Amino acid sequence: YGPVKPIGSLDPGFGGDACIFRWGRMGRIESGRMGVQLESFVEIKSTMDSPEERDFQIAKQVIELCKAKGIRPECFGTDSTGTGRGVFSHLVHEWSPSVRGVEFGGSASLMPASSADPRESKEVYHNRVTELYWVARDAVEGEQIRNIDAVTCKELCAREYTVKGRRYYVIPKADCKRLYGFSPDHADAFVVLMEVARQNGLTPGGSPKTNRTANWQETAES
């Protein structure tokens, strides 16, 4: 219902994890709020035969994918935590300083915890990664997301949480691999995409308007 903005995200996937690039379209939905239609994802591969370092190989492929899909630098984000800073640095240098680095580490932000909780996120979530997952959850529960694939659903539902000092705390990624036998790489790429959407105007959550279709484009065309 109006202009559509392509958005994208990356989970660099180090230590044997998958490097996942995903993209979607963001715009005004039937309820009048902003929503995201997920499109697809690809696993980016690097090769030992290349003279270029792994980080640069990934960044180069990401830039090509973003340009092919019409994703502007400010509409793209990547996990820039720890070893992810290398890919982020190459993206900034080779493409644009407007690329958004999304830190999974450290404290939660000062932004409102959710649509229903005006407290600062740092008062509600134990750390930044917990905040990112809750933002994504809020958007899903607010029916602002369409076309979530089965792999991402499985990973989002598997990642458990507890409460530490009266604040929510999602279990670390290393514990996910130990408990479930897989790393939540698709889920991480998804929550980065949701953070990109939030920084581009999406307010997660709120009261949804009943809509049973799986695809907003079908709703708009009907």
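A: It begins with pairing, since two strands pair if DSSP finds at least two bridges between them; the strands themselves (E, at least two residues) and the helices (H or I, at least four residues) are DSSP runs, numbered from the N terminus. The model is predicted, with local features requiring pLDDT of at least 70 and side-chain atom pairs pLDDT 80 or more, while totals for chains, interfaces and linings use all residues. Residues are numbered from 1 along each chain as its sequence is written, and side-chain values use heavy atoms, with hydrogens and water left out.

Q: What makes β1 and β2 paired strands?

A: Eight bridges join strand β1 (residues 4-11) to β2, and the two run antiparallel; because pairing asks for at least two bridges, the label applies. One of these contacts is the bridge between Lys-5 and its partner Met-26 in β2.

Q: Which strand does Met-26 reach through its bridge partner Val-36?

A: Val-36 lies in β3, and nine bridges join β2 to β3 (residues 34-43) in an antiparallel arrangement. In the hairpin of these two strands, which has five residues between them, Gly-32 takes a positive phi near 100°.

Q: Why are β5 and β6 described as standing at the edges?

A: Six strands form an open sheet in the order β5-β4-β1-β2-β3-β6, with mixed pairing. β5 and β6 each have a single partner strand, so one side of each is left without a neighbour in the sheet.

Q: Why is strand β2 called largely enclosed?

A: Buried means under 20% relative accessible area, exposed means over 50%, and partly exposed lies in between (1.4 Å probe, protein chains only). Seven of the nine residues of β2 (residues 20-28) are buried, so the rest of the structure largely encloses this strand.

Q: What makes the length of helix α7 agree with expectation?

A: The expected span of a helix is 1.5 Å times one less than its number of residues. For the 15 residues of α7 (residues 185-199) this should be 21 Å, and the end C-alpha atoms are 21 Å apart, so the two agree. Of those 15 residues, 14 are buried, so α7 too is largely enclosed by the rest of the structure.

Q: Why is the pair of Phe-76 and Trp-95 called tilted, and what does this pair tie together?

A: Rings of Phe, Tyr and Trp (its six-membered ring) pair if their centres lie within 6.5 Å; planes under 30 degrees apart count as stacked, over 60 as edge-to-face and the rest as tilted. A search of the whole structure finds nine aromatic pairs. In one of them the rings of Phe-76 and Trp-95 have centres 6.2 Å apart and planes at 55°, so the pair is tilted. Phe-76 lies in strand β4 (residues 76-79) and Trp-95 in the loop between α2 (84-94) and β5 (100-102), so the pair ties together parts that are 19 residues apart in sequence. Both Phe-76 and Trp-95 are buried.

Q: What makes the pair of Trp-134 and Tyr-168 stacked?

A: The centres are 4.5 Å apart with 20° between the planes, and the pair is called stacked because both values fall inside the limits for that class. Trp-134 lies in helix α4 and Tyr-168 in strand β8 (residues 167-170), so the pair ties together parts that are 34 residues apart in sequence. Trp-134 counts as buried at 13% relative accessibility, whereas Tyr-168 is partly exposed at 32%.

Q: How do you know that Glu-131 and Arg-198 form a salt bridge?

A: A salt bridge is a side-chain nitrogen of Lys or Arg within 4 Å of a carboxyl oxygen of Asp or Glu. The closest N and O atoms of Glu-131 and Arg-198 are 3.1 Å apart, so the pair meets the definition. Glu-131 lies in helix α4 and Arg-198 in helix α7, so the pair ties together parts that are 67 residues apart in sequence. Glu-131 counts as buried at 0% relative accessibility, and Arg-198 is buried at 10%.
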